There are 4 protein chains.
Amino acid sequence: MIKVAVTGATGYAGGEVLRLLLQHPDAEIGALTAGSSAGSRFGQHQPHLLPLADRVVAETTPENLAGHDVVFLALPHGHSGAVAAQLPDDVLVIDCGADHRLESSDDWAAYYGGEHAGTWPYGMPELITGPGARQRDALPGARRVAVPGCNVTAVTLGLQPAVAAGLVEPTDLVAVLANGFSGAGKALKPHLLASEGLGSASPYGVGGSHRHIPEIAQNLTRAGADEVTISFTPTLVPMARGILATATAKLAAGAGAASVRAAYEEAYGEEPFVHLLPEGQWPTTAATLGANTALVQVAVDERVGRLVTVTAIDNLVKGTAGGAIQSMNLALGLPETTGLTTIGVAP
Amino acid sequence: MIKVAVTGATGYAGGEVLRLLLQHPDAEIGALTAGSSAGSRFGQHQPHLLPLADRVVAETTPENLAGHDVVFLALPHGHSGAVAAQLPDDVLVIDCGADHRLESSDDWAAYYGGEHAGTWPYGMPELITGPGARQRDALPGARRVAVPGCNVTAVTLGLQPAVAAGLVEPTDLVAVLANGFSGAGKALKPHLLASEGLGSASPYGVGGSHRHIPEIAQNLTRAGADEVTISFTPTLVPMARGILATATAKLAAGAGAASVRAAYEEAYGEEPFVHLLPEGQWPTTAATLGANTALVQVAVDERVGRLVTVTAIDNLVKGTAGGAIQSMNLALGLPETTGLTTIGVAP
Amino acid sequence: MIKVAVTGATGYAGGEVLRLLLQHPDAEIGALTAGSSAGSRFGQHQPHLLPLADRVVAETTPENLAGHDVVFLALPHGHSGAVAAQLPDDVLVIDCGADHRLESSDDWAAYYGGEHAGTWPYGMPELITGPGARQRDALPGARRVAVPGCNVTAVTLGLQPAVAAGLVEPTDLVAVLANGFSGAGKALKPHLLASEGLGSASPYGVGGSHRHIPEIAQNLTRAGADEVTISFTPTLVPMARGILATATAKLAAGAGAASVRAAYEEAYGEEPFVHLLPEGQWPTTAATLGANTALVQVAVDERVGRLVTVTAIDNLVKGTAGGAIQSMNLALGLPETTGLTTIGVAP
Amino acid sequence: MIKVAVTGATGYAGGEVLRLLLQHPDAEIGALTAGSSAGSRFGQHQPHLLPLADRVVAETTPENLAGHDVVFLALPHGHSGAVAAQLPDDVLVIDCGADHRLESSDDWAAYYGGEHAGTWPYGMPELITGPGARQRDALPGARRVAVPGCNVTAVTLGLQPAVAAGLVEPTDLVAVLANGFSGAGKALKPHLLASEGLGSASPYGVGGSHRHIPEIAQNLTRAGADEVTISFTPTLVPMARGILATATAKLAAGAGAASVRAAYEEAYGEEPFVHLLPEGQWPTTAATLGANTALVQVAVDERVGRLVTVTAIDNLVKGTAGGAIQSMNLALGLPETTGLTTIGVAP
């Protein structure tokens, strides 16, 4: 059995990692650590994880994290580097936060500020990294993995087949997302209250400031774009989970419905967790709830010369914890799909 | 492998049975049948069940149901009897509908109308049927099982330990429930539209007409009550799944907080799927989403001389399909918990 | 014009008072005061009150409250007494908080703690206070008014006609409520986050501890009960506004459907804001959204000998600010319905 | 008093027209007509419109519509022409449906099909029709008015100041909308059920097929564009009301944050119902609920050379019935704002 610790275990990302680990046949859950809630009963924070209810939350210390094969970091950005530095090199450390995703320290400085903690192998197995190549090839044996951002996952999966196949121009991308509230974490902010969120939709991070932008650009560049510019607007809508990403791009000369569909079929035909829907069926986030599935559909709008792609994921699963487990499986040499499901909880 | 067919596969109950069967290690999914949607692609109706997406829905005929070890009936009430009559006696038939739950034909006539299809072994393993006895004892080897109603499950689990221990008077029970919309099925009725349901709460079946009433009475009588009277009011609230049942009863002479808690601990201490929460923690339906869990909490209101119990379940899991699988396991001699989870999907 | 100040103007109760005052033909809005948000632009806190968006929030000081005809207090409990003490006797002070509702200092001490601020005329015009008498008779000329609690309003309106007419026994009442999140105010607590509340139902204040209990008892005693005992359980459900109160009582000897209906028709036939629905139609909270309406329906459950009443209100209107304006109108000698509506915003 | 009839009175658009008329000081509500629900009690269909609850729904016949000064048509598209043809020329007929919005019969044929009923004066008073000119100038004295589509209103208001000022290129517009369910009407379709919609986001009309596209193009052409191409994707999100429209456009050479802001301030500074929010504050649909307000905010994303605009409206008010009343006021020579409010119902 693989012994696994989770830091930030009382938050949403940490809780979701644990939910999936509980259903993973090869994982044994070790330390559950957190900050201010250390010492309290775990069931108080994550009442849905009944098998762990009587555990006690530990402090995030090197001692408590020692003796594990895998450590998941589910911490606010800026905190992972210090914790990881205290862990042995042969421990698999999987960072669900942003600290180790970006390759460019300038991007880090511009979008997050502070010192860049460094770049780790990127935990998006489906990322196209060349003709016939995928990021999953880089993960076996890795002992540090950076889990992608949830919005980044949705937008990258929606656009990369067309970008890689040269069917769209990657310099005038536009993405608008409908986001569930769990993406904002458990932070106590007025606009995250149920009384404010129920019955309302509102945007955030408009105008190019959102921290997921350079990560999307990094991905699509790896997928084949020379240069990426993307207008990116997330919006909060009244659901607990889910991202519906509508991402559009200008069609390149000669691209049409048939070539687009072929590119997506080729890109995702063998993927276990990314599913191109049959023509005429559109993604719903409900169909992905609790599952590691990304549902993708595409349409060519001839009139305006744009490809429109719609991708639905569960932000906490394929967008965070599911991708993290998928990467753990690959890093440890397990079958990639171990402990993960494509079966959603609906309605 | 156990070969399983599901009738009514395109509805909510049928879909949920399939969701659980897909995660059951010993089940192999055979025929998926339905009425008017026969011939269509299954993925169109249940897009969250991705592994079955390319299946075609079959008609509900004896031919299509032949050759299975288990057949689940997820049909509107009044339809199960005829289908079951066509199935061999040695096939395990599990009726998720109401047709075979009631022992009294008079109750059937009064609450449902029409001819009573008969009484099958009742698929609520946790039902107290005597000192130290449970309904699970009646299920091994059964080839016909009637799955309890979802509201019935919530109210019965909330009240039966106190009733069985003689700590409350069962003749002036009051239960009010907050119900998610999936409990109403996929019927196309104006009050079930999202535009109507979002942001609103409303009661239905008020004043003693709800069909789950005689079934609750039947259960609590088996648990030890001489006579049961219950005021029962369900209310639709804006969530897709979940039942939160608040059920109260007058305390019997001498009953108090300590004896009540002891009775619940004794009743549920060994139950795999019914969980008495620690004092001070109250159930939320979110914590049970997708899980076969019932979360129960109790309080003694000395001032008014009433026990107040609150029970949360997922109406489609512990309230329907999870209970059905639990009964299947028992009937077939499998470990009762096979393929079922107590881990919810939250937030 | 009546010059009106509102303290606690950035909260939900204060905001709703202002929403209604903006539509009141005789009111002129003066000072908007608050605590920590003093000095900020009002539109930042209440973006829906566009005509006031450019106002600046003032501190709650005697100077800022001076020169107004009416002052609304929308403060956390325990704070109203001190502010009111600084206001002249001839200013109409309307307390939307709990401080001045209870007649019994013992009840105050038991349920709220601390010193009782005193008892003010009770601002529920429809409260039955004797044969043919209503609380509205006590309000003309009043210069201090205590606005009822929102849950109290729903339960009192649901039960009082039957209690006053002696048709039910008031000693074994049971009420369970479905409550929107705005009833909990803008407090930053984890369980009030949208991520937690969306898709979930949960109880609070179970077992007799809720502070609205003595106020309900006080009202029903005034309506004619010798002694009141009530089991009272509110539950949070995923909506921003609204209370659906299901309240039941044992029928007194001889009471039946006809006498009950007659009592409710007589009690509410002339009431402008309390509406008994036609038989067969049940209240929905959506139909009351934004309106000062209480929708009431009743059923006699002969089988169990109980009256079941269901009442829907908007907790912020009829449950708080609308009742407050109604009382203001009466206190100042204006027509009671001035500036108030029975027209909801639905769907 | 102006005597007003409403056809389609039991639907959402008709109900909202009536909600506003009930609060209009100069309107007297005459016939309420509908199709299959003729003969039934109006309160059964629109329980929130309490003052009309006891009215009886009439059939939509020339006789029933005779004798009114104004007739609102709230019918499915394709039905307005026939009804209007039966009404005298001097009756003000306001069509809330699509039949008379488009100027181009080819567009009608391409997007709706069937014969084009003709073009009526367009009921969007704020539409820029030339330097310093607005569509409101065309409405006084009109006796036929076509009310804009709800999505059209949101996108037009978001983009037209920049288009009119030449600050953006109108040939690569992209708009993605979050839409409440009432926009889909009361049609009984499976994907509109609450069980499906709660907790889910999904797109519809993707890829250029949505019927609102030619109407947006028509408006922006009137506002000054030579040619308009727009990628338009609406998405259903779990709220009853509201549209949040994120609309982006490529900046023209020389355009920047200052010139953009100046253009929006100039365009909307005097508008009673379109409000440019202060910098840093973003629209929420909740703030517009029940109000005739459009909240607009803009951002210039220098990095990608795009203007991003976000507009929030209540689809049933500013998006339908409020715009209709505004047009009625103008047509009849009343002050444009009569009976309309900018005050939303929030939270």
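Predicted model: local features only at pLDDT ≥ 70, side-chain atom pairs only at ≥ 80, totals over all residues.

Visitor: In which sense do strand E14 and strand E15 of chain C pair?

Guide: The pairing is antiparallel: strand E14 (residues 294-301) and strand E15 (residues 306-313) of chain C are joined over eight bridges. Within this pair, C:Val300 stands opposite C:Leu307 of E15(C).

Visitor: What is the strand order of the open sheet in chain A?

Guide: Chain A has an open sheet of seven strands, with mixed pairing and the order E10-E11-E9-E12-E15-E14-E13. Its edge strands are strand E10 (202-203) and strand E13 (274-276) of chain A, each of which pairs on one side only. For a parallel pair, consider strand E9 (residues 168-179) and strand E11 (residues 230-236) of chain A, which seven bridges join. There, A:Ala175 stands opposite A:Phe232 in E11(A).

Visitor: Let us turn to salt bridges. How many are counted over all chains?

Guide: Side chains of opposite charge can pair when their charged atoms come close. With a cut-off of 4 Å between side-chain nitrogen and carboxyl oxygen, the count over all chains comes to 60 salt bridges. One of them links B:Glu126 and B:Lys318, whose closest N and O atoms are 2.8 Å apart. B:Glu126 lies in the loop between helix H5 (105-111) and strand E6 (128-130) of chain B, and B:Lys318 in helix H10 (residues 317-332) of chain B, so the pair ties together parts that are 192 residues apart in sequence. Both B:Glu126 and B:Lys318 are buried.

Visitor: How many residues apart in helix H1 of chain C are C:Arg19 and C:Glu16?

Guide: They are three residues apart in helix H1 (residues 12-21) of chain C, a separation of about one helical turn. The side chains of C:Arg19 and C:Glu16 meet in a salt bridge at 2.8 Å, N to O. C:Arg19 and C:Glu16 are both buried.

Visitor: Is D:Asp301 buried or exposed?

Guide: Burial is judged from relative accessible area. D:Asp301 has a value of 2% and is buried, whereas D:Arg303, at 35%, counts as partly exposed. These two residues form a salt bridge, with the closest N and O atoms 3.1 Å apart. Elsewhere, salt bridges that share partners join A:Asp172, A:Lys250, A:Arg306, D:Asp172, D:Lys250 and D:Arg306 into one network.

Visitor: Where does C:Phe273 lie?

Guide: C:Phe273 is in the loop between helix H8 (257-268) and E13 of chain C. Its relative accessibility is 2%, and C:Phe273 therefore counts as buried.

Visitor: Finally, which residues form a negative surface patch?

Guide: The negative surface patch is formed by A:Glu28, A:Asp69, A:Asp89 and A:Asp90. Of these, A:Asp90 is exposed, with a relative accessible area of 59%. The loop between helix H4 (80-85) and strand E5 (92-95) of chain A holds A:Asp90.

Terms used. Residues numbered from 1 in each chain as written. Chains lettered and ligands numbered in written order. Heavy atoms only, no water. Patch = residues over 30% accessible without salt bridge, like charges linked within 9 Å, V, L, I, M, F, W, Y side chains within 5 Å. Areas by Shrake-Rupley, 256 points an atom, 1.4 Å probe, with all protein chains shown as cover. Lys, Arg positive; Asp, Glu negative; His and termini not counted. Charge placed at Lys NZ, Arg CZ, Asp CG, Glu CD. Helix = DSSP H or I, 4+ residues; strand = E, 2+ residues; numbered from the N terminus. Buried < 20%, exposed > 50% of the residue type's maximum accessible area, 1.4 Å probe, protein only. Pairing = 2+ DSSP bridges.
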